Amino acid sequence: MKDKLRLMPEDIMQRIARDVMDSYDESLELEMEDGLLSGVPFAAAGLSDPDYKYFRELVRLQGELVKLQDWVQHTGEKVVILFEGRDAAGKGGVIKRITQRLNPRVVRVAALPAPNDRERTQWYFQRYVAHLPAAGEIVLFDRSWYNRAGVEKVMGFCTEDEYEEFFRSVPEFEKMLVRSGIRLIKYWFSITDEEQHLRFLGRIHDPLKQWKLSPMDLQSRVRWEEYTKAKEAMLERTHIAEAPWWVVQAVDKQKARLNCIAHLLGQMPYTDIDHDHVVLPDRVRHPDYIRQPVPAQMFVPEIY
């Protein structure tokens, strides 16, 4: 296994280059949407045929997400989506692609830090309840109450009694959410040992991503098998009819994003919402209005 995971420096650099290019996709998507790449050969645009097809499909799915957002607002639906998985599994990447073109007042992300001293004395689910949606809202949890079944269990941040109480409580908690009218969808992003190893190496050598690598992430490499056992127990004990788990094969980032978004859309009975025709009003002008000059020292220097 060690020989399989050992990479030469040029392999690492190629991997980093691919990850950096992956970070450019938002700009490329916007260019495609504006038609700037229409008729441009893939090579001239810097895109391979598979990459172009990925961006084109992603933009199409994001258009459907806008329709879903309109439907949620119009109908007053309440939606909660949980994203779980190993460190570097790609949860943040798919969350970014889901929210990219949506209204942050309707679709928001909850990424909670470690609980503080006060929160550790509360009912375990209390700090998560505060982030649940009101009518017409979608909340995406970048990690969730399942921290207790994963990192807290493996790293010893909870007692065995607290761990078992979590498994007794979480099915009832989630059933209660569903009965209250919340649509609850749970995703687990699955990657291989080798893929996580490669992604961590990329983070180590990429200064733009080093902030993503925490001491806890490094421990997840040491405790890979413990995390596997914890994941298996979690899926077995919390896969309920009211809120089943959905596993996303996430070794290929692009396929994982498209598959997850397409599946999410398929879970919602959304329809097109009619909107009033928008007419841009004329700008009102007053002959006595004089625009006041802005002092030169207030301007940001134009160094580009």
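**Close-up views of a predicted model**

**View 1. Cys260 is a buried cysteine in this predicted model.** Its relative accessibility is 1%, and a residue counts as buried when that value is under 20%. Cys158 passes the cut-off too, because its relative accessible area is 12%, under the 20% limit. A disulfide is a covalent bond between the sulfur atoms of two cysteines. How many disulfides does the structure hold? The count is zero.

**View 2. Asn147 sits in a loop between a strand and a helix.** On one side of this loop is strand E3, residues 137–142, and on the other is helix H8, residues 151–155. Is Asn147 buried or exposed? Asn147 is buried, because its relative accessible area is 14% and the limit is 20%. Now look for its partners: setting aside neighbours within four places in sequence, Asn147 touches Glu84, Tyr124, Tyr128 and Glu152.

**View 3. Helices H10 and H11 cross at roughly 150°.** H10 covers residues 193–205 and H11 covers residues 215–222, and their axes come within 11 Å. Because angles over 145 degrees count as roughly antiparallel, H10 is described as roughly antiparallel to H11. The crossing of H10 past H11 is left-handed.

**View 4. Residues from both helices make the contact between H10 and H11.** From H10, look for Asp193, Gln196, His197, Phe200 and Arg203. Their counterparts on H11 are Asp217, Ser220 and Arg221. What classes of residue make up this contact? There are four charged residues, three polar ones and one nonpolar one.

Notes: Residues numbered from 1 in each chain as written. Predicted model: local features only at pLDDT ≥ 70, side-chain atom pairs only at ≥ 80, totals over all residues. Heavy atoms only, no water. Axes fitted to C-alpha atoms, helices over the stretch in contact; angles between N-to-C directions. Helix = DSSP H or I, 4+ residues; strand = E, 2+ residues; numbered from the N terminus. Parallel < 35°, antiparallel > 145°, perpendicular 65-115°, else oblique. Left-handed = near helix turned anticlockwise from the far one by under 90°. Contact = heavy atoms within 4.5 Å. Nonpolar A, V, L, I, M, F, W, Y, C, P; charged D, E, K, R; others polar. Buried < 20%, exposed > 50% of the residue type's maximum accessible area, 1.4 Å probe, protein only. Disulfide = S-S within 2.5 Å.
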